[in-house]
Amino acid sequence: MMASLVVRRYGLRPLTTPLPVSYHLRSFSTKPDSSKALTSSGSLLARALAETKKAGAEFSQGTKQFYYNLKHVYGTLVPALKRGEHLSRGDLILVRKTKSDVMRLIPFSLYFCIPLSAVLLPFVMRILPQIIPSTFWTASNKEQMSRRRDASAQLGAQDLRKTMMQRAAKLVHQPSLTSMTSEQMKALETMVNVVGPRLESGQPLAPHDMQSLAPLFDGPFGLRALQHEDRDTLLNLAKIHNVGGLLARPLLPLMVALQPKAVRKILEGKSKVISQDDDMIPSVDTLTEEEQKEACEDRAIPWVGRPSSSINTSVGSWLALAAGPTKKLSPEGLLYLSALSFRGK
């Protein structure tokens, strides 16, 4: 009765369909709904457990591979080298990798002294993969480290071009600063007058340009000359070829200033290894796609984000200059090759 009077007086229409019960309960509920928070926290926990389980499986596989490499290298390959036997290219690469992995065991072992280190292992493998042996690396780890090395090498290559031109200009005007042959003097003039504009503009040098500069890499731009006369160029070569690894990169200027001879010896060792490896590759077509990427990595040639055909072309161009009986560059000249011919602005 009362409801009908209100409807007639105020012109209101009665509700034809009742509101759901949840609508009435909502107005009386003051507590927040915690089901979503519980669900999200549960998903985060499940994700963390899944990551830890995945990292544990990768750690187990990496440990087995490391043990196999260690046993094979120090049980078979190293004794064979001591006996003077010749090893295949793959065996020599395995020996170098395993020796590097053994050195990485020092920081890797110290890491496990930290509480909860096993739980944090997945995150450490993402952030600092270079402190762990290579048998534990994933494809994403390799690409991540290659990007970091490539960025540093690119900066080093840009600075190298500048310091080379500065040194060349100084030597042209004051040739008495260092002893040079007539062939080296001619190459120096070619560098300043012909190749110089391309160097300063950041354009990659063609193979014939590198051949014209080849005498310089055994003379005023050789590592021994740089150690005593041009440490800026020595520093840039060390950046390009990742001397000391990514963790030691901030200390490189100090290393070059205090121990230039040690840095020179490391670069000499790298150049000899690269030269020997070049001679053991019959042609670029004999390498798999993964081996071509590793070859680029060892020679400081950028490869991340490039198609396979482009990587194949770069490795082939390198071998045309650096390998075989018609080798155009000395081992020390190879240290300049990646910066001047395969890196531009």
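Predicted model: local features only at pLDDT ≥ 70, side-chain atom pairs only at ≥ 80, totals over all residues.
Student: Which helix gives the largest share of the positive patch?

Tutor: The positive surface patch is made up of Arg-224, Lys-261, Lys-265 and Lys-272. One of these, Lys-265, is partly exposed, with a relative accessible area of 45%. Lys-265 is found in helix H12. The largest share of the patch, 3 residues, comes from helix H12.

Student: Is Arg-83 buried or exposed?

Tutor: Arg-83 meets Glu-85 in a salt bridge, 3.0 Å from N to O. Glu-85 has 40% relative accessibility and counts as partly exposed. Exposed means over 50% relative accessible area. Arg-83 has 56% relative accessibility, so Arg-83 counts as exposed.

Student: How many residues apart are Arg-147 and Glu-143?

Tutor: The side chains of these two residues, Arg-147 and Glu-143, form a salt bridge at 3.0 Å, N to O. Arg-147 is partly exposed at 47% relative accessible area, and Glu-143 is partly exposed at 33%. Both lie in helix H6 (residues 139–173), about one turn of the helix from each other, which is a spacing of 4 residues.

Student: Which residues are joined into one network with Asp-278?

Tutor: Asp-278 forms a salt bridge with Arg-299, 2.7 Å from N to O. This pair links distant parts of the chain, with Asp-278 in helix H12 and Arg-299 in the loop between helix H13 and helix H14. Both residues are buried. Through salt bridges that share partners, Asp-278 is joined into one network with Arg-89, Asp-277 and Arg-299.

Note on methods. Residues numbered from 1 in each chain as written. Heavy atoms only, no water. Patch = residues over 30% accessible without salt bridge, like charges linked within 9 Å, V, L, I, M, F, W, Y side chains within 5 Å. Areas by Shrake-Rupley, 256 points an atom, 1.4 Å probe, with all protein chains shown as cover. Salt bridge = Lys/Arg side-chain N within 4 Å of Asp/Glu carboxyl O. Lys, Arg positive; Asp, Glu negative; His and termini not counted. Charge placed at Lys NZ, Arg CZ, Asp CG, Glu CD. Helix = DSSP H or I, 4+ residues; strand = E, 2+ residues; numbered from the N terminus. Buried < 20%, exposed > 50% of the residue type's maximum accessible area, 1.4 Å probe, protein only.
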